[in-house]
Amino acid sequence: MHDLHDTPSSAPRLTVLTGDRPTGPLHLGHYVGSLKTRLELQETHTQYLLVADTQALTDNAHDPDKVRRNVLEVALDYLAVGIDPGKTTIAVQSALPALAELTLLYLNFVTVARLERNPTIKEEIQARGFGRDIPAGFLCYPVAQAADITGFKAHFVPVGEDQAPLIEQTNEIVRRINRQAGVDVLPEAQALIPTMGRLPGVDGKAKMSKSQNNSIALSSSPDVIREAVKRMYTDPNHLRASDPGTVEGNMVFTYLDVFDDDRTEVERLKAAYRAGGLGDMTLKHRLEDKLQALIAPMRERRERFARDPAHVFSVLREGTQRAKAVTQQTLDEVRAALGTFLFDSVSP
Ligand code: TRP
């Protein structure tokens, strides 16, 4: 894999693009899966974050209010974790018409059968219970996501592992466009997936998700964090502190592995838990302290930005304007390279 810290400072910065659907608060799963990487990348790369409200509509067309409300919330979550608008451009997808037009072009370079085979889409269709009534926009959102990624000519996409098939699909489209154009008008993108895989929910289920009610939002109050840790799934057979317990599949240990930097101490605790004599409460207190310490500064920053929504709006407006120019430039290049249209650019 490309070493992110390998690029000499004189070389032009490589580009990073990622996005989030504004459908609810971002949580620890987002932090571990992607936001943490974005914080590092904004120091060394040209980074764009897309609040993907158009994509959110593909399964929320019945609830546009929710989508609109959450645009500002997602922006606040970004600022809260430390995304710096001086280093990272935050843009609103629905205000970038070039992405919609790229989507329309790309739809001709992908088959319905390929979209139906996409593992991410298959899983999501099942989770949403669409049955045979799949909104066409939903089936095609991987094509729109290819437009997001290529519209910014992104080299890297920091995402959770569930998104990997979407990057693959993007690169298939890129190769087809480039072949048709006879020139590499678009770069292929590489997914940056954290080595730990996805963070499970506090209930031990495979995925942390707002809809499963097993997540810890980055905007959580101290009480909410305390409660979430208290009801966290451990070893159901570990009834007394003196009993030997199981570490594997025990969420407190899974989370300590991610959020506790003192590796030696965590290993010591695992051994003690296995041997018997270490209670769940002791461990949960330790984990709670780590999570409170991680989230407290985020909550403070969030509250500070939330007091000035006009400022957050202007961050979004300026970022979107910059993104508009970049994506329009890409669209013009793709149109010209394909050679289909009388006018190379949409502004003849
Ligand atoms: N599909 C992503 C999600 O559900 C959001 C997203 C939209 C995205 N556009 C993107 C991610 C482009 C990476 C790149 O979280």
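This passage describes the ligand site of a predicted model and then a set of individual residues.

The ligand sits in the largest pocket. The residues around the ligand are L17, T18, G19, R21, A52, Q55, Q145, D148, I149, V157, V159 and Q163. By class, this shell divides into five nonpolar, five polar and two charged residues. Two secondary-structure elements each supply at least two residues of the shell: strand 1, spanning 15–20, and helix 8, spanning 141–151.

For Q55, a polar side-chain atom lies 2.8 Å from a ligand nitrogen. For Q145, the distance from a polar side-chain atom to a ligand nitrogen is 2.8 Å. For D148, an N or O atom of the side chain is 2.8 Å from a nitrogen atom of the ligand. Taken alone, the ligand exposes 370 Å². The protein buries 90% of that area.

T18 belongs both to the shell around the ligand and to strand 1. The relative accessibility of T18 is 2%. The cut-off for a buried residue is under 20%, so T18 counts as buried. The T18 side chain also makes a contact within the protein. It reaches the backbone oxygen of P158 at 3.2 Å. P158 falls in strand 4, which covers 156–158.

P244 lies in the loop between helix 10 (222–230) and helix 11 (251–259). Its relative accessibility is 55%. Exposed means over 50%, so P244 counts as exposed.

Other buried positions lie in helices. Q169 is placed in helix 9, residues 164–181. With a relative accessibility of 1%, Q169 counts as buried. The side chain of Q169 is joined to that of N118 by a polar contact of 2.9 Å.

A98 lies in helix 4, which covers residues 97–106. Its relative accessible area is 3%, so A98 is buried. In sequence, A98 and T327 are 229 residues apart. In space, their C-alpha atoms are 5.8 Å apart.

D53 is in helix 2, residues 53–57. The relative accessibility of D53 is 11%, and the residue counts as buried. D53 and V71 are separated by 18 residues in sequence. The C-alpha to C-alpha distance of this pair is 7.0 Å.

R38 has its place in helix 1, residues 28–44. R38 is buried, with a relative accessible area of 2%.

Backbone geometry was examined next. Most residues other than glycine have a negative phi. K153 has a positive phi of about 50°, although it is not a glycine. K153 lies in the loop between helix 8 and strand 4. At 25% relative accessibility, K153 counts as partly exposed, because that class falls between the buried limit of 20% and the exposed limit of 50%.

N213 likewise is not a glycine, and its phi is positive, near 60°. This residue is found in the loop between strand 5 (190–192) and helix 10. N213 has a relative accessibility of 59% and therefore counts as exposed.

Definitions and conventions. Residues numbered from 1 in each chain as written. Predicted model: local features only at pLDDT ≥ 70, side-chain atom pairs only at ≥ 80, totals over all residues. Heavy atoms only, no water. Near = heavy atom within 4 Å. Polar contact = N/O pair within 3.5 Å; in protein donor to acceptor, adjacent residues only side chain to side chain. Areas by Shrake-Rupley, 256 points an atom, 1.4 Å probe, with all protein chains shown as cover. 1 Å grid on protein atoms, 1.4 Å probe; cavity = no way out; pocket = protein on both sides within 12 Å on 5 of 7 lines; lining within 4 Å. Sits in = over half its atoms within 2 Å of the grid points. Helix = DSSP H or I, 4+ residues; strand = E, 2+ residues; numbered from the N terminus. Nonpolar A, V, L, I, M, F, W, Y, C, P; charged D, E, K, R; others polar. Buried < 20%, exposed > 50% of the residue type's maximum accessible area, 1.4 Å probe, protein only.
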